[in-house]
Amino acid sequence: MDIDLKDPKVQAYINQYIDQRIIGASRQIYDSLTKQIKAVDDKVQQVEKKAVKNRIAIIASKGTLDMAYPPLLLATTARAMGIEASIFFTLYGVEILKKNAKLKVAPLANPAMPMPVPNIIGAMPGMTAMASMMMKGMFKKQSVPPIKELIDMARDSGVKLVCCQMTVDVLGVKQKNLIDGIEFGGLATFIEYGMGSTINLFV
């Protein structure tokens, strides 16, 4: 049976067949390119994840008034400079994250204080409260915000406040007694963040 290629129906069928083959080939090429692009994106993300970023990772391990200022001041300053920042609160540093925390500084065996106090006097009742009040007054005189305000500033500016889950479990700290807006993580959380940081500090 001869096929009349000039027949409009035959031409329409041929054109439809050709269009389907072109569409099918295009779809295969598109799917192949999509897979290749996704593979490249995945590799880029892996490289970026491992790459060192312009950020600071700080460990806060002490819960005294004098040792609460450094990590918070460093982190908020970093954020003001456009640098990522994270503070990992572990051991006694978790005290800083407690609601209505009343941090103190003891004059006992603390010769670096502006007004050194003999141990025999520093051990007297009321001396810790006096030393703490004196330090708060010194910071206030220099317009340095109190700890509570620094925590709010850090949180509002995007500083990651991470509480050590192990410390919470070991010391029996209840999460309801800690401030809002913090994260919980283990040691691996800090290590992973610190591996991609330009600055790592232990306070």
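1. In this predicted model, helix α2 (residues 65–80) and helix α5 (residues 147–157) cross at roughly 30°, and their axes come within 9 Å. Angles under 35 degrees count as roughly parallel, and α2 and α5 are therefore roughly parallel to each other. The crossing of the two helices is left-handed.

2. The residues that make up this contact can be listed from each side. On the α2 side they are Leu65, Ala68, Tyr69, Leu72, Leu73, Thr76 and Arg79. These meet Ile147, Leu150, Ile151, Met153, Ala154 and Ser157 in α5. Sorted by class, the contact of α2 with α5 has 10 nonpolar residues, two polar and one charged.

3. On the cysteines: zero disulfides turn up in a search of the whole structure. Cys163 is in no disulfide, and the nearest cysteine sulfur to its own, that of Cys164, lies 6.9 Å away. For Cys164 the nearest cysteine sulfur is that of Cys163, again at 6.9 Å, and Cys164 is likewise in no disulfide. A disulfide here requires a pair of cysteine sulfur atoms within 2.5 Å.

4. Are these cysteines buried or exposed? Buried means under 20% relative accessible area. Cys163 has 0% relative accessibility and therefore counts as buried. Cys164 also counts as buried, because its relative accessibility is 0%.

Terms used: Residues are numbered from 1 along each chain as its sequence is written. This is a predicted model: local features need pLDDT of at least 70, side-chain atom pairs count only at pLDDT 80 or more; totals for chains, interfaces and linings use all residues. Side-chain values use heavy atoms; hydrogens and water are left out. Axes are lines fitted to C-alpha atoms, for helices over the stretch in contact, and angles run from 0 to 180 degrees between N-to-C directions. Helices (H or I, at least four residues) and strands (E, at least two) are DSSP runs, numbered from the N terminus. Angles under 35 degrees count as roughly parallel, over 145 as roughly antiparallel, 65 to 115 as roughly perpendicular and the rest as oblique. A crossing is left-handed if the near helix is turned anticlockwise from the far one by less than a right angle, and right-handed if clockwise. Contact means heavy atoms within 4.5 Å. Ala, Val, Leu, Ile, Met, Phe, Trp, Tyr, Cys and Pro count as nonpolar, Asp, Glu, Lys and Arg as charged, and the others, Gly among them, as polar. Buried means under 20% relative accessible area, exposed over 50%, partly exposed in between (1.4 Å probe, protein chains only).
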